[in-house]
Amino acid sequence: MQSIRIGKEPQVQYLLRVADTCLILAQRITEWCGHAPILEEDIALSNMGLDLLGQARGVLTRAGQVDGRGHDEDQLAFLRGEGDFLNVTMAELPRGDFAFTCLRNAMLATLLKLLWQRLESSSDRELAAIAGKAIKEARYHQQHAADWVVRLGDGTEQSRQRMQAALAQLWPYTAELFDTDAVDDAAQASGLGPRWADLEAEWRQEMAQILAAADLAVPEGDIKFRSTGKRGVHSEHMGFILAEMQYLQRSYPGGAW
Amino acid sequence: MSVLQQRQPSARVQAAWQVLETVQDPEIPVISLCDLGVVREVRENGALLEVVLTPTYSGCPATEVIAHDVKTALQAARLGPIATVLQRAPAWTTDWISAKGKAALRDYGIAPPGPVPLEGAKPICITRRRQPPVPCPRCASTHTERIAPFGSTPCKALYRCLACHEPFEHFKPI
């Protein structure tokens with residue numbers, strides 16, 4: 001089945017970066033359903049995935065309206081090709097072990113919390129309304145993920161080793177979060193939302209607080225590696241997650257239940 | 001315009017509110033949608049009766065069931081045609097749950113939410129927070145502890161009472 005295309009207007013791209021980051025992270029963390037180390041965390045990850053999916057649905061619907069080609073949230077989620085997904089690469093990385101999942105959740109929940117805070121005053125009233133709800137959820141997600149980063153980082157020898165490995169693996173992907181471009185500039189100028197670069201100082205401060213409490217050192221030095229998911233150029237993992245997520249609609253177009 | 005100066009709602013709108021008082025939340029079937037605070041407004045728009053609903057959580061799966069239940073109940077009471085309108089702002093808060101609703105939650109074994117803490121009153125510490133005490137819905141002891149921050153629905157957390165040893169759910173204040 002042919003993929004639908006989306007416009008290159010910066011407003012649409014900006015909205016899709018937000019929506020797709022929530023959507024792909026939701027898809028990744030709900031992979032833990034039935035597999036998490038304890039039942040309570042199984043439930044927690046599914047709940048957070050549900051919140052993220054709800055946020056993604058709202059923003060995708062809005063992106064479809066702004067795009068003006070008549071695509072609804074389902075079409076945008078299930079019928080776009082890889083190059084038209086604009087989530088940060090960090091969200092699509094395989095779920096890894098529990099330490100990796102918790103640290104990624106902490107990093108992205110911190111980013112999303114700071115983003116929703118500013119989007120509450122977006123010039124787009126629908127986006128502002130979605131943000132008003134999402135901020136409460138993101139705050140809770142951040143606290144929960146941070147608690148686990150501290151518990152594992154400052155835990156046993158093995159949990160600490162795994163959290164350190166997760167940090168080394170994830171850190172290079174943090175640079176992309178704050179890369180800025182014409183899409184961000186247009187959003188800033190129109191009042192749609194902040195440049196993601198403007199979230200960096202606070203993000204670093206909050207992550208430093210979490211890592212310090214976990215007795216983990218913030219990695220030093222410039223990051224040379226650049227992931228580019230926000231521009232639609234993804235890691236090798238993206239095709240596989242879409243294949244699984246889109247399988248039903250691709251195989252049974254328009255299928256509903 | 002103050003509330004007092006507003007026009008008296010029509011008989012149809014009043015009848016609709018009475019019906020909605022009897023429509024229970026699909027996941028916590030002891031509290032009505034009105035007491036939960038998700039029904040924000042009932043208004044007539046021409047021949048159409050519009051019910052304005054505000055979702056509790058972004059991804060709450062009950063949202064669509066709630067809209068369906070509202071329509072079904074009002075149509076059964078011959079108050080149709082009905083439309084439900086999703087209104088996101090202002091965001092739903094547990095402060096909108098009525099006193100009657102909170103009492104019903106407690107009777108059902110769910111510790112009701114306390115007032116939502118004011119954000120921005122002091123710098124938020126991400127990793128070291130004190131949980132306000134949650135009284136046990138069965139024995140009222142505040143000697144309780146949180147087992148898990150998430151529960152069977154997005155709106156609840158799991159607790160246990162250290163006095164009567166019963167586990168219970170807490171409706172999180174948001």
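Buried here means under 20% relative accessible area, exposed means over 50%, and partly exposed lies in between, with a 1.4 Å probe and protein chains only. Helices (H or I, at least four residues) and strands (E, at least two) are DSSP runs, numbered from the N terminus. This is a predicted model, in which local features need pLDDT of at least 70, side-chain atom pairs count only at pLDDT 80 or more, and totals for chains, interfaces and linings use all residues. Residues are numbered from 1 along each chain as its sequence is written, chains are lettered from A and ligands numbered from 1 in the order in which they are written, and side-chain values use heavy atoms, with hydrogens and water left out.

Let's start with chain B. It has four helices and seven strands, and along the sequence they run α-α-β-β-α-β-α-β-β-β-β. Its C-alpha atoms fill a box of roughly 55 × 35 × 30 Å along the principal axes. Of the 174 residues in chain B, 43% are buried. Now take contacts, meaning heavy atoms within 4.5 Å. Among those in chain B between residues at least 6 apart in sequence, 54% join residues at least 24 apart.

Next, look at helix H1 of chain B, residues 11–20. Its buried residues are Arg12(B), Val13(B), Ala16(B), Val19(B) and Leu20(B). They cover an arc of only 115 degrees around the axis, so they sit on the same side of H1(B). That arc is the one made by the directions from the helix axis to the C-beta atoms. The face turned away from this buried side carries Ala11(B) and Gln18(B), both exposed. And what do the buried residues of H1(B) pack against? Their partners are helix H2 (33–36), strand S1 (39–45), strand S2 (48–53) and helix H3 (62–76) of chain B.

Most residues other than glycine have a negative phi, and most peptide bonds are trans. In the loop between H3 and S3 of chain B, Arg78(B) has a positive phi of about 60 degrees, though it is not a glycine. Arg78(B) is exposed, because its relative accessible area is 77%. That loop also holds Pro81(B), joined to Gly80(B) by a cis peptide bond with omega of about 0 degrees. Another cis bond runs from Ala89(B) to Pro90(B), with omega near -5 degrees; Pro90(B) is in the loop between S3 and helix H4 (99–108). Further on, Ala140(B) has a positive phi near 70 degrees, and its place is the loop between strand S4 (110–111) and strand S5 (144–148).

Over to chain A and its helix H7, residues 157–170. The expected span of a helix is 1.5 Å times one less than its number of residues. For the 14 residues of H7(A) that gives 20 Å, which agrees with the 20 Å between its end C-alpha atoms. Which residues of H7(A) are buried? They are Ser159(A), Met163(A), Ala166(A), Leu167(A) and Leu170(A). They cover an arc of only 100 degrees around the axis, which puts them on the same side of H7(A). On the other side, Glu157(A), Gln161(A) and Ala168(A) are exposed. The cover over the buried residues of H7(A) includes helices H5 (98–119), H6 (125–153) and H8 (174–177) of chain A.

At 1% relative accessibility, Glu176(A) counts as buried. Among the residues that Glu176(A) touches, not counting those up to four places away in sequence, are Asn87(A), Thr89(A), Ser227(A) and Lys230(A).
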